[in-house]
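Dear colleague,

Please find below the structure that I am passing on to you. I would be grateful if you could look through it alongside the notes that come after it.

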Amino acid sequence: MGLNLPLNATSSPEAVQRLGVFGGSFDPPHPAHVALVESALDQLCLDRVHVVPTGQAWHKTRALTDARHRVAMARLAFAHCPQVVVDEREVRRAGPSYTVDTLKALQSEYPQAQIYLLLGDDQRRSLPAWHQIDEIGRIAIICAAGRDVAVRAWNENLDLPASPAKLTDTLQARILTLNMPLMPHSATDIRVQAAQEQTLTGLVTPAIERYIHDHHLYRPL
Ligand code: ATP
């Protein structure tokens with residue numbers, strides 16, 4: 001009789017039935033990223049989550065911090081989470097990082113798994129503009145967490161990415177909501193704080209704060 005042990009990042013791909021995929025710049029990773037993944041692991045009963053730092057984000061105009069730093073910080077952020085794999089495929093891939101390519105690759109690596117694509121509310125709103133969004137919706141169930149900044153932007157009529165089209169009703173119906181308290185964290189705000197040499201305590205973990213300090217990230221040259 002099997003022992004029914006929980007799966008972790010070293011379990012074989014065949015054992016993974018429910019796979020989460022969480023992409024982002026992670027420049028730097030912050031507690032809301034971790035809370036989102038922990039909520040998804042719990043609420044969606046995921047066996048594993050691939051955290052995928054983006055290579056060249058097609059939808060972000062700013063130059064991202066060197067991928068090796070973002071990957072290293074993602075590893076620090078999720079070090080306590082045995083089910084998380086920090087997946088470097090997008091930073092190794094040349095050209096723009098399209099989620100659909102990552103999902104197709106993961107689908108062939110985990111043919112038996114249901115894939116859940118995890119994201120925050122700002123990204124949910126921009127979904128109609130995503131490359132091959134219908135194909136994404138065929139491969140994965142999309143799960144969105146509320147995001148404080150999106151709510152704030154909505155209330156204050158700030159500039160969120162425009163949606164050139166709407167999602168189909170079928171796709172819209174497949175989007176699940178993750179239950180997570182709204183968290184104010186934003187990597188943009190953290191980079192601003194760091195650039196002004198202000199403390200990052202409470203905005204990132206001590207290990208990431210140390211990493212940012214030791215590598216002089218986000219500071220003016
Ligand atoms: P930046 O400020 O540089 O745009 P960010 O804080 O939005 O960065 P990303 O790495 O771009 O962080 O986000 C990765 C994913 O995490 C996205 O799906 C985003 O919506 C989600 N996310 C980021 N911050 C929050 C938050 N505070 N609450 C919920 N989801 C979040």
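The notes below begin with the overall model and then turn to individual elements and residues.

Please bear in mind that this is a predicted model. Its mean pLDDT is 88, and 88% of the residues reach 70 or more. Confidence is highest in strand β2 (residues 48–53), at a mean of 98, and lowest in helix α7 (residues 148–156), where the mean is 54.

The protein has 10 helices and eight strands. Of its 221 residues, 46% are buried. The accessible surface comes to about 11600 Å², and carbon and sulfur atoms account for 54% of that area. Among contacts between residues at least 6 apart in sequence, 78% join residues at least 24 apart.

Strand β2

Strand β2 is mostly covered, with six of its six residues buried. In a regular strand, side chains alternate between the two faces of the sheet. In β2 both faces are covered: Arg 48, His 50 and Val 52 are buried on one side, and Val 49, Val 51 and Pro 53 are buried on the other. Strand β1 (residues 18–24) runs parallel to β2 and is joined to it by six bridges. One of the pairings to inspect is that of Gly 24, whose bridge partner in β2 is Pro 53.

Helix α10

In helix α10 (residues 206–214), the buried residues include Ile 208, Tyr 211 and Ile 212. These residues lie on the same side of α10, because they cover an arc of only 95° around the axis. The spacing follows a general rule: an α-helix has 3.6 residues a turn, so residues three or four places apart point the same way. Pro 206 and Arg 210, on the other side of α10, are exposed. The buried residues of α10 pack against α2 and α9. Just after the helix, His 216 adopts a positive phi of about 55°.

Thr 65 is located in the loop between β3 (56–57) and α2 (67–77). Its relative accessibility is 17%, under the 20% cut-off, and Thr 65 therefore counts as buried. The side chains of Thr 65 and Asp 27 are joined by a polar contact of 2.7 Å.

Ala 195 belongs to helix α9 (residues 187–195). It counts as partly exposed because its relative accessibility is 31%.

Ser 186

Where does Ser 186 lie? It is found in the loop between β8 (176–178) and α9. Ser 186 is buried, with a relative accessible area of 8%. Its side chain reaches the backbone nitrogen of Asp 189 at 3.1 Å. Ser 186 also touches His 30 and Arg 147, when residues up to four places away in sequence are not counted.

Yours sincerely

Terms used:
Residues numbered from 1 in each chain as written. Predicted model: local features only at pLDDT ≥ 70, side-chain atom pairs only at ≥ 80, totals over all residues. Heavy atoms only, no water. Helix = DSSP H or I, 4+ residues; strand = E, 2+ residues; numbered from the N terminus. Buried < 20%, exposed > 50% of the residue type's maximum accessible area, 1.4 Å probe, protein only. Contact = heavy atoms within 4.5 Å. Areas by Shrake-Rupley, 256 points an atom, 1.4 Å probe, with all protein chains shown as cover. pLDDT = per-residue confidence, 0-100. Polar contact = N/O pair within 3.5 Å; in protein donor to acceptor, adjacent residues only side chain to side chain. Arc of directions from axis to C-beta. Pairing = 2+ DSSP bridges.
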